[in-house]
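Subject: Structure handover

Hello,

Please find the structure below. My notes on what was found in it follow.

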Amino acid sequence: MKNKIMLLLVAPFLALSACSGGSSSKQGSSIDPNIEVLDQGNTQVTFNEIDNLVMINEKAQLYIDAMHEQEEKIEDQTRRFYLNGLDGNDTVDVSKFLSQSDASKNRPIVISWDKGDMDYEEIKLALCKDWKFEEGTVEYFDAEDDKVELINLLRAKTYYYRLETEDKSIISQTQKFETADYVRKMNFDHAGALNETIYNVRDLGGYMTSFGVRTNQGLIYRGSEINGEDFTDGGNRHKKNVDDLVMEKQAKVFKIGCELDLRAASGANNMTESALNTPDFPVDYVRTPFNSYASFINDPDNGTPGTLKAAFDVLANADQKTVYYHCWGGADRTGALSFFLNGLCGVSLTDLYIDFELTTQHNSLRSHLKATGSYDFPAMLTAIKALDYYDEDMTLAELSKKFLMEHGIEEETLEKIRSFMIPGYEEGMEEVLAH
């Protein structure tokens, strides 16, 4: 075995009674009178306990807990970073937790308060990732019935909040909470005429890695297709899923700078421009038709040399232009790219399984344990193990880098992706063992 020692990462889980649908405990989440604040403000405001710090829906939460609980029980912990990681020990069946009918929106974090006798016409919640609330770093939310519901926040991140009036006078103490360490699923849909529109959206970042840090969030997203009109391809209906509300969400939350489309020309209705593109918020559009599963391993260029390289050239610029990549449902072709992109950054095999199987909530059963019709994830692992350079002592980060370089991706490109996705990363950084 190589001398590199592997990092044992057990995703921290907050002890939240929200797991059973109740309110959360006070651990790391509620009022902290000792926190340093700019202005103590009006102490007549009484904040209620944070309602829920786990933003994903409960079934997905239970599934992720089961996967990590299984991971913790494996005797040879280092094996989680090898491709054969959980062989013989891996028994969590995603179908026992998730089904396509579970495609519910994520649960919001609810902040509510009692303002006592104060009478202000408008109160806004000021939210910031730094207690100093410096100008340009604060988000403001309109209060309704003395509460605000927050979605799409970063995972495992401390936030600070306080109440302000319309003229930004501070009228409460500053409080803090920390979001739970679960996958950052994103709500890109709304309750308008289109109902659920762009779905199965997740932030690629936020995972702990074998480099000892958590990958950066808000740079690369994966999800379903983005269409400006209805069309039919091969008998399959593709829905229009962009309207004014989606464009508003794009401008305020996602701020996507490039749409990377993994569909073939016909599946994309021969699009040449992103449906999100506007003069005020220009969005580049690049199409790189992909394969999935074993077909991706055997021919990642999908018959056209340079396809994979073109995709990674886009991804390597995500620190300048946020990238959203997708196929139709954001599952199979999208999943193949996600496996190697996350693998390159040192994400554990368990978390790669989780990332793959969460698609089940939106787009049919996907299992990493067995094939379900054409959804054959095990065949992809078998194809990887059949590569002539595969070595069971390779880490997932090493394997992913080797695979991509074998198919024409320059090392400089891959190291650039690591540099902005992995905080503090420098070329050649070792993977380490933590106790």
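Helices (H or I, at least four residues) and strands (E, at least two) are DSSP runs, numbered from the N terminus. This is a predicted model, in which local features need pLDDT of at least 70 and side-chain atom pairs count only at pLDDT 80 or more, while totals for chains, interfaces and linings use all residues. Residues are numbered from 1 along each chain as its sequence is written, and side-chain values use heavy atoms, with hydrogens and water left out.

The chain as a whole

The secondary structure comes to nine helices and 15 strands. Of the 435 residues in the chain, 53% are buried; buried means under 20% relative accessible area, exposed over 50%, and partly exposed in between (1.4 Å probe, protein chains only).

Thr-413

Thr-413 sits in helix H9 (residues 411–421). Why does Thr-413 count as buried? Because its relative accessibility is 11%. Leaving aside neighbours within four places in sequence, Thr-413 is in contact (heavy atoms within 4.5 Å) with Phe-312, Asp-313 and Ala-316.

The cores

A nonpolar core is a set of buried Ala, Val, Leu, Ile, Met, Phe, Trp, Tyr and Cys residues joined through side-chain atoms within 4.5 Å. The largest one has 70 residues, and Ile-220, Phe-312 and Leu-315 have the most contacts inside it. Helix H5 (residues 332–344) gives the most to this core, with six residues. A second, separate core of 21 residues includes Val-45, Trp-113, Leu-154 and Tyr-159. Not counting residues up to four places away in sequence, Leu-315 touches several residues, among them Ile-220, Leu-260, Leu-337 and Phe-420.

The sheet

Two strands pair if DSSP finds at least two bridges between them. Three strands form an open sheet in the order E1-E2-E5, with antiparallel pairing. Strand E1 (46–47) and strand E5 (147–150) are the edge strands, each pairing on one side only. Two bridges join E1 to strand E2 (residues 109–114), and Asp-114 in E2 is the bridge partner of Thr-46.

The largest pocket

On a 1 Å grid over the protein atoms alone, a pocket is an open set of points where a 1.4 Å probe fits, with protein on both sides within 12 Å along at least five of seven lines; lining residues have an atom within 4 Å of a point. Of the 36 residues that line the largest pocket, the closest to its centre are Glu-139, Phe-141, Ile-151, Asn-152 and Val-253. Strand E4 (139–142), E5 and helix H2 (244–254) each supply at least two lining residues. The largest share, seven residues, comes from H2.

Regards
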